[in-house]
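My entries are set down below in the order in which I made them.

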There are 2 protein chains.
Amino acid sequence: METTKDDSTGIDALNDIDRLIHEPARLMIMAYLYVVDSADFLFLVRQTGLTLGNLSSHMSKLEAAGYIEVEKKFKGKKPHTMLRLTGEGHDAFRKYRQSMKQVIGETSEAAQ
Amino acid sequence: METTKDDSTGIDALNDIDRLIHEPARLMIMAYLYVVDSADFLFLVRQTGLTLGNLSSHMSKLEAAGYIEVEKKFKGKKPHTMLRLTGEGHDAFRKYRQSMKQVIGETSEAAQ
DNA sequence: GCAGATTAGTTTGTACTACAAATTTATGTA
DNA sequence: TACATAAATTTGTAGTACAAACTAATCTGC
């Protein structure tokens with residue numbers, strides 16, 4: 001019996017990378033939320049450089065996946081949308097980060 | 001004058017991430033070649049778990065981008081396809097790796 | 001009080017692309 | 001001669017990121 005599919009050296013970690021997080025736009029969102037835990041919609045628009053529509057659709061996907069929670073309130077008279085990382089989202093990001101570190105880190109020694 | 005677009009803290013590095021390398025299948029190919037410098041087609045099929053057709057089309061894209069060189073010879077009577085990282089491909093991978101390290105590394109302290 | 005501007009988003013349409021399945025081309029073999 | 005295997009390439013489909021168009025509510029000048 002050969003090595004089983006999962007105890008790979010690292011690069012194979014990419015075969016089941018979380019593509020929901022891997023997408024650069026969402027990776028930005030997740031990375032911000034991982035640090036600040038929660039942020040409002042317009043803050044993220046400014047920080048990420050995404051358009052409103054683009055952020056809106058990525059937000060929906062992350063919410064559908066259970067990675068973030070979206071809370072819509074009114075701040076005075078205006079709508080105010082807050083994004084917050086869920087526990088599941090936090091775990092998924094950690095896992096993603098570890099997988100990428102294996103791939104990215106593994107090649108380090110060969111460089112320079 | 002505000003901070004110019006490029007001297008971001010790190011997460012914004014994702015706004016111009018190299019999507020050609022970012023795609024997991026190609027990232028695997030590039031990561032292998034970055035380490036071993038050259039490898040043959042069937043070796044990569046086995047190592048990456050990609051199908052022949054899938055590897056073939058990713059190979060074409062990396063070649064078109066100038067990131068790899070593809071050499072087709074005959075080994076005895078059978079065709080034998082070798083992939084080799086170009087200097088440009090090497091640089092692009094290093095750049096990609098740095099960008100990702102910024103995003104991935106930046107969040108490290110917040111964790112645990 | 002109503003016409004136009006601004007704010008805060010959502011929905012829609014298009015263009016791209018990853019992947020698998022079908023196809024190709026050549027060689028070995030019964 | 002037919003059939004199987006090897007080594008890929010080409011084709012078709014399904015999924016998706018993004019921008020542009022749209023919606024809905026509030027503010028502002030006249």
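Conventions. I number residues from 1 along each chain as its sequence is written, with chains lettered from A and ligands numbered from 1 in the order in which they are written. I note that this is a predicted model, in which local features need pLDDT of at least 70 and side-chain atom pairs count only at pLDDT 80 or more, while totals for chains, interfaces and linings use all residues.

Entry 1, DNA strand D. I counted a residue as near if its C-beta atom, placed from the backbone, lies within 6 Å of the strand. I found 20 residues around DNA strand D, of which Ala25(A), Gly53(A), Gly53(B), Ser56(B) and Thr81(B) come nearest. I looked up which elements give two or more residues: helices H2 (24-36) and H4 (52-64) of chain A, and helices H3 (41-48) and H4 (52-64) and strand S3 (78-85) of chain B. Helices (H or I, at least four residues) and strands (E, at least two) are DSSP runs, numbered from the N terminus. H4(B) gives the most, five residues.

I located Ile104(B) in helix H5 (residues 87-106) of chain B. Ile104(B) counts as buried because it has 21 C-beta neighbours inside 10 Å, the threshold being 20 or more other C-beta atoms within 10 Å of its own, all placed from the backbone.

I recorded S2 (residues 68-75) and S3(A) as antiparallel, joined by eight bridges. Phe74(A) has Pro79(A) in S3(A) as its bridge partner. In this hairpin, with two residues between the strands, Gly76(A) takes a positive phi near 70°.

Key. A residue is buried if 20 or more other C-beta atoms lie within 10 Å of its own, exposed if 12 or fewer, and partly exposed in between; C-beta atoms are placed from the backbone. Two strands pair if DSSP finds at least two bridges between them.
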